[in-house]
Amino acid sequence: MGVKVACIGAGTVGASWASLFAWRGCDVAVYDPFPEALNRAEASIARTVSTLSEIFSGSEDDVKSALSRVKFTENLEEALKGAYYVQESAVEKLEVKRDLFEKMDAIAEPETILATSTSGLSISEIQTAARKHPERCITAHPYNPPHLIPLVEVVPRKQTDESCTEKTVEFMERMGKKPIVVKKDVPGMVANRLAAALWREAVNLVYQGIATPEEIDVAVKYGPGIRWAITGVYLTYHLGGGQGGMKYFLEFFDDHYRRLWSDLANWSEYPEGSFDAILKSMEGYDIIKRMSYDELAKWRDDQLAKILKLILEDG
Ligand SMILES: NC(=O)c1ccc[n+]([C@@H]2O[C@H](COP(=O)([O-])OP(=O)(O)OC[C@H]3O[C@@H](n4cnc5c(N)ncnc54)[C@H](O)[C@@H]3O)[C@@H](O)[C@H]2O)c1
């Protein structure tokens with residue numbers, strides 16, 4: 001798969017994308033206007049490509065050849081030359097992204113796909129800066145870190161050509177990602193909206209003194225979280241309906257959800273005093289007391305790699 005990909009912005013997300021693309025056989029140009037960002041990215045890509053090699057049982061040669069495919073540059077034109085696909089992951093500022101899209105649109109060949117990693121900005125606001133070819137602009141939002149977490153949310157907007165959406169989905173699948181196309185440009189797309197709904201109730205449970213953060217994490221990790229990783233939400237409840245499937249589930253649990261939903265938090269800003277309540281109860285979180293931040297992050301990535309292997313093998 002020798003296509004060229006340009007990663008624009010070499011921070012946390014840009015470097016992680018670059019590792020994935022290189023690991024999957026692409027020639028990757030990593031661009032950032034700040035040399036120190038490129039240096040940091042180079043070190044981080046070396047680490048993350050090794051992680052990918054461990055997960056996918058690669059060899060030392062695989063790591064070497066993936067790393068040899070990555071080039072670093074402070075020159076945008078050089079980065080975009082001959083690129084099939086561009087993944088922009090610069091700072092989350094509308095004016096920076098608009099400026100980049102205007103420049104990239106002027107430099108890149110007309111058929112090059114220009115995708116943004118943005119979490120919170122709308123592709124409709126960004127793509128109007130690409131005056132020549134707005135139809136090749138799209139959001140391809142990763143879940144961090146993109147070299148490990150398969151989900152990518154693809155969001156086309158009014159001006160995006162259907163073929164751009166199709167090519168983006170197809171390219172992401174070739175990169176081993178699990179893309180979904182989000183039909184409307186809404187804040188948080190799909191995954192972060194779901195996560196935000198759960199987070200509000202998690203805050204509420206601590207605020208009301210019903211459970212500690214550690215207990216809530218135990219409830220998620222050893223309860224629904226295990227099923228969510230395998231059957232998501234809808235398939236979980238379809239199975240919950242027994243032989244009658246989703247129809248039975250909807251009808252039988254109708255009253256149950258009515259009572260539950262009327263009791264859940266529905267505020268749209270943190271209630272007064274909730275920060276203090278959360279921070280106070282986090283003090284008792286055992287693993288945070290025992291491990292440093294770096295130890296925790298490494299432990300999380302090791303565990304993530306094991307789960308990922310299982311899920312990816314299952315298709
Ligand atoms: N961090 C996350 O969890 C996460 C998850 C999904 C999506 N995203 C999105 O990814 C993008 C990058 O986020 P991040 O966390 O990697 O940020 P970051 O701050 O780690 O990296 C941003 C990079 O952009 C570079 N940059 C600044 N100005 C630039 C310019 N004009 N041209 C090119 N590069 C420039 C910076 O030097 C830096 O290296 C954002 O749009 C963010 O919304 C982040």
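This is a predicted model: local features need pLDDT of at least 70, side-chain atom pairs count only at pLDDT 80 or more; totals for chains, interfaces and linings use all residues.
Me: Good to know. What about the side chains of Asp32 and Glu92, how far are they from the ligand?

Reply: An N or O atom in the Asp32 side chain is 2.7 Å from a ligand oxygen. For the Glu92 side chain, the distance to an oxygen atom of the ligand is 2.6 Å.

Me: And how much of the ligand's area does the protein cover?

Reply: On its own the ligand has 840 Å² of accessible area, and the protein covers 76% of that (Shrake-Rupley method, 1.4 Å probe).

Me: Which elements give two or more residues to the shell?

Reply: Those are helix 1 (12-23), helix 5 (94-107) and strand 6 (137-142). Helix 5 gives the largest share, 3 residues. Helices (H or I, at least four residues) and strands (E, at least two) are DSSP runs, numbered from the N terminus.

Me: How many residues surround the ligand, and which are closest?

Reply: The ligand is surrounded by 23 residues, the closest being Val13, Asp32, Glu92, Lys97 and Ser119. Being near takes a heavy atom within 4 Å.

Me: How does that shell divide into nonpolar, polar and charged?

Reply: There are 11 nonpolar, 9 polar and 3 charged residues in the shell.

Me: Switching to His147. Where does His147 lie?

Reply: His147 is in the loop between strand 6 and strand 7 (151-155). The His147 side chain makes a polar contact with the Ser16 side chain, at 2.8 Å.

Me: Is His147 buried or exposed?

Reply: His147 is buried, because its relative accessible area is 10% (buried is under 20%, exposed over 50%, partly exposed in between; 1.4 Å probe, protein chains only).

Me: Where is Thr160, then?

Reply: Thr160 sits in the loop between strand 7 and helix 7 (162-174). At 11% relative accessibility, Thr160 counts as buried too. A polar atom of the Thr160 side chain lies 2.9 Å from the backbone oxygen of Cys137.

Me: And is Thr12 buried or exposed?

Reply: Thr12, which lies in helix 1, is exposed, with a relative accessible area of 61%. Thr12 and Gly232 are 220 residues apart in sequence, and their C-alpha atoms are 27 Å apart in space.

Me: What about Glu313, where does that lie?

Reply: Glu313 is in helix 16 (residues 293-313).

Me: Zooming out, what domains is the chain divided into?

Reply: Domain 1 (4-181) and domain 2 (191-284), with centres 33 Å apart over C-alpha atoms.

Me: Which residues does UniProt list for "domain: 3-hydroxyacyl-CoA dehydrogenase C-terminal"?

Reply: The unreviewed UniProt entry gives residues 188-276. That span is 67% helix and 0% strand, and its end C-alpha atoms lie 26 Å apart.

Terms used
Residues are numbered from 1 along each chain as its sequence is written. Side-chain values use heavy atoms; hydrogens and water are left out. UniProt positions are given in the numbering used here, feature names are shortened, and annotations may be inferred rather than shown by experiment. A polar contact is a pair of N or O atoms within 3.5 Å; within protein, one must be able to donate a hydrogen and the other to accept it, and residues adjacent in sequence count only if both atoms are side-chain atoms. Ala, Val, Leu, Ile, Met, Phe, Trp, Tyr, Cys and Pro count as nonpolar, Asp, Glu, Lys and Arg as charged, and the others, Gly among them, as polar. Domain bounds come from an automatic or database domain assignment.
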